[in-house]
Amino acid sequence: DARHPEPGAMKDTLEHLVADTVRRNDSNKLLFILNQIDTTALDDNLEDVVAAWQRALAQGGLVSGRFYCTYNEDSAVNIENEAVKKRYQTKRDADLAEIKHRIAEVSVERVYRIIGALENTANEIENKAVPRLRQALSQWSRRVLIIDAIILLPLLVAMIVAGVYAGYWQGLDWESLWQGESLIASIVAWLSLLAPPLVVIWLVHFGVRGWQAQRIANALPIRDGPGNIRRAFLRNTRFWVSIARTTPVGWHMLSRKRLKRVRESADEFVQKLNDAYTNPSGNRSGRGNITLNNPHAMETEGQNPSAL
């Protein structure tokens, strides 16, 4: 509102409308319009008012760009100076025409934005999410092995010592107390001897797996780019997944080819859109070709994208 040349009084409003907006992936579709600029005509200080609002927006995170300046002719103040009136009308008409042009292109820009989001998601899965999961799984596997060794080695030593005292070892040779008995009796005796320590080993190992998996998962972000990284990690640490596996479940040649096809299809579709909406002079409806180098901000020729 150009009636407030000092926007400091609207700090909370700016925080809500600007600081939160510039962090959006689709922030370029929002328009910042300075309304009722006719109220500045008496002092002819439109540039000063625009500069004040630009400083306020810069404090909110919008460091570049420009405003669309408008006013309503029917409710405008009387501008007696014809030169000033003409200048204000020209400015208003040019900005209104550009606003209408932006509105007319909403559907086209939405298609570009969707394609850009698809390609960006595919890139983040392969270049960010999968390496992050690999790193977490490798850390989990290493921790489990180290803690298993710390806990189970003393248990193994204790079993050997107990065997020596029980008379199962004769030097370095194992001498079973059940020699000469039937095969079935020997098997039962062996099972009764080995079952308790094996159960203990199994419980210790899977207890350590679950404990360390939860600790590492708590340090992972719930959402970091595409998908839920924490949930993906926990899925890769279920009890039937070996700790020796460092490749995320579901990440294989077929999935990599699928992501490659997504990127190729996105590039092809962008080329088709550029061909359809680019005039012979090289500009798409006067706004230039759009590429997907930065899917979150569609850059144009001759205009700063943050002003859109």
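## Salt bridges and a surface patch

Glu 73 is partly exposed, with 36% relative accessible area. The model described here is predicted.

The bridge links distant parts of the chain, with Arg 92 in helix 3 and Glu 73 in the loop between strand 2 (68-69) and helix 3, 19 residues apart. Is Arg 92 buried or exposed? Arg 92 is buried, at 10% relative accessible area.

**Other pairs**

Side chains of opposite charge can pair when their charged atoms come close. How many salt bridges does the model hold? The count comes to 7. Three of them are set out below, one to a row.

| Pair | N to O distance | Relative accessible area |
|---|---|---|
| Asp 44 and Arg 87 | 2.6 Å | Asp 44 33%, Arg 87 36% |
| Asp 95 and Lys 91 | 3.5 Å | Asp 95 3%, Lys 91 30% |

Take Asp 44 and Arg 87, whose side chains meet in a salt bridge at 2.6 Å. Asp 44 lies in the loop between strand 1 (33-34) and helix 2 (46-59), and Arg 87 lies in helix 3 (residues 82-104), so the pair ties together parts that are 43 residues apart in sequence. Asp 44 is partly exposed. Arg 87 also counts as partly exposed. Which residues join this pair in a network? Glu 47 does: salt bridges link Asp 44, Glu 47 and Arg 87.

Now Asp 95 and Lys 91. Their side chains meet in a salt bridge at 3.5 Å, N to O. Both sit in helix 3, 4 residues apart, so about one helical turn separates them. Asp 95 counts as buried, at 3% relative accessibility. Lys 91 is partly exposed, at 30%.

**A nonpolar patch**

Which residues form the nonpolar patch? They are Ile 114, Leu 118 and Val 262. Together these residues have about 250 Å² of accessible area. Leu 118 is found in helix 4, which covers residues 106-166.

Methods:
Residues are numbered from 1 along each chain as its sequence is written. This is a predicted model: local features need pLDDT of at least 70, side-chain atom pairs count only at pLDDT 80 or more; totals for chains, interfaces and linings use all residues. Side-chain values use heavy atoms; hydrogens and water are left out. A salt bridge is a side-chain nitrogen of Lys or Arg within 4 Å of a carboxyl oxygen of Asp or Glu. Helices (H or I, at least four residues) and strands (E, at least two) are DSSP runs, numbered from the N terminus. Buried means under 20% relative accessible area, exposed over 50%, partly exposed in between (1.4 Å probe, protein chains only). Patches are made of residues with over 30% relative accessible area and no salt bridge: like charges are joined within 9 Å, nonpolar side chains (Val, Leu, Ile, Met, Phe, Trp, Tyr) within 5 Å. Accessible areas come from the Shrake-Rupley method with a 1.4 Å probe; for residues, only the protein chains shown count as cover.
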